[in-house]
Amino acid sequence: MAVNIGILGTTGRMGRMIAREILEDAHSRFMGGTVREGSPFMDKPLHDVLGLPANTAIPSDAMNTISPEKLLSVCDVVIDFTRPEVSVHHAYVCAAMGKAIVIGTTGFNHDQVQMLADAANHIPIVLAPNMSVGVTLLTAITEIVAQTLDSKYDIEIGEMHHRHKIDSPSGTALALGEAAAKGRNISLKTRAVYDRKGNSGPRKRGDIGFATLRGGDVVGEHTVIFANDGERVELTHKSSDRRIFAQGAVVAAKWIVEQQPGRYSMKDVLGF
Ligand code: NAD
């Protein structure tokens, strides 16, 4: 049977792309989505909201609403790629209504992560800063390499994204940092270095450094470097099409409806 999926934040770059994936998927049914209050798309037909030609087949009962509650009442699961404070609110609404949620939003602070963990006591939540198969694999490999190579191999993580991205380092870079720290059995919180400027001194052994680049239309590039005297191992992933994230989000939505309450990652979804 098809899974009824709604989108929280349909007008976003990712929201629109995810809607198209659902519409093309035989095992999902598009129930519509939400726009923020005051959005110029508030009272517009879904074709306009999604930027689709008027002849695109969209279920006639799919809704365009500002109310997450209204959307949730007809969905098995919702997908949210919005903003941290908005996604936290959505997770609480889902918890109150007993509905599963897939969250792709990045940039959560510590308190917000804790609030999502609270919501996950009541409902199943997939929280994944990167929904691509390739990055999920890169994250798993990073942990193994960090565990295998000793601390003589300095770990640096570089990333580049398009000029519109508002959080840095990217959620994916942080997840790669967490994976490297886990492999090394250290805490990223105490070993991460986000800024180097001026007389920043020599690198401390065991630190995990981050470098952020922004520009153009780059969908997302991440490299984890393990640098020792005499050699360097570099693991790189390059995304050239946002569609990979949208496809991952729909796979996650179909998977999460079968799960018990809890917080899940893309690694859980893909069974890596
Ligand atoms: P975007 O700015 O294009 O879209 C965000 C949308 O959320 C906007 O359309 C905005 O109107 C909408 N929104 C904000 N508040 C809302 C509310 N209360 N109700 C309904 N809609 C609301 O951004 P984007 O590029 O689509 O990215 C969104 C998020 O997803 C970012 O945090 C980004 O980093 C993340 N992202 C994650 C992945 C992944 O694989 N997990 C991939 C790409 C982007």
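These legends accompany close-up views of a predicted model.

View 1. The shell around the ligand holds 20 residues. Thr11, Arg13, Met14, Thr106 and Met131 come nearest. By class, the shell divides into eight nonpolar, nine polar and three charged residues.

View 2. At Pro129, a polar backbone atom is 3.1 Å from a nitrogen atom of the ligand. Taken alone, the ligand exposes 860 Å², and the protein buries 80% of that.

**View 3. The largest nonpolar core.** In soluble globular proteins, nonpolar side chains tend to be buried together. The largest such core in this model has 34 residues. Ile5, Ile18, Phe30, Val77, Ile79, Val102 and Val126 have the most contacts inside it. The largest share, seven residues, comes from α9.

**View 4. Phe30 and its contacts.** Phe30 is one of the residues with the most contacts inside the largest core. Which residues does Phe30 touch, not counting those up to four places away in sequence? They are Ile5, Ile7, Thr10, Ala19, Ile22, Leu23, Leu46, Leu50, Ile58, Pro59 and Ala62. Of these, Ile5 is itself listed with the most contacts inside the core. Another core, of 21 residues, lies apart from the largest one. Leu72, Cys75, Val93 and Ala120 are among its members.

**View 5. The cis peptide bond at Pro169.** Ser168 and Pro169 are joined by a cis peptide bond. Omega is about -10°. Pro169 sits in the loop between β7 (154-161) and α7 (171-184).

**View 6. Asn185, with positive phi.** Asn185 is found in the loop between α7 and α8 (188-191). Its phi is near 60°, a positive value in a residue other than glycine. Is Asn185 buried or exposed? Asn185 counts as exposed, because its relative accessibility is 71% and the cut-off for exposed is over 50%.

Conventions:
Residues are numbered from 1 along each chain as its sequence is written. This is a predicted model: local features need pLDDT of at least 70, side-chain atom pairs count only at pLDDT 80 or more; totals for chains, interfaces and linings use all residues. Side-chain values use heavy atoms; hydrogens and water are left out. A residue is near a molecule or strand if one of its heavy atoms lies within 4 Å of it. A polar contact is a pair of N or O atoms within 3.5 Å; within protein, one must be able to donate a hydrogen and the other to accept it, and residues adjacent in sequence count only if both atoms are side-chain atoms. Accessible areas come from the Shrake-Rupley method with a 1.4 Å probe; for residues, only the protein chains shown count as cover. Ala, Val, Leu, Ile, Met, Phe, Trp, Tyr, Cys and Pro count as nonpolar, Asp, Glu, Lys and Arg as charged, and the others, Gly among them, as polar. A nonpolar core is a set of buried Ala, Val, Leu, Ile, Met, Phe, Trp, Tyr and Cys residues joined through side-chain atoms within 4.5 Å. Buried means under 20% relative accessible area, exposed over 50%, partly exposed in between (1.4 Å probe, protein chains only). Helices (H or I, at least four residues) and strands (E, at least two) are DSSP runs, numbered from the N terminus. Contact means heavy atoms within 4.5 Å.
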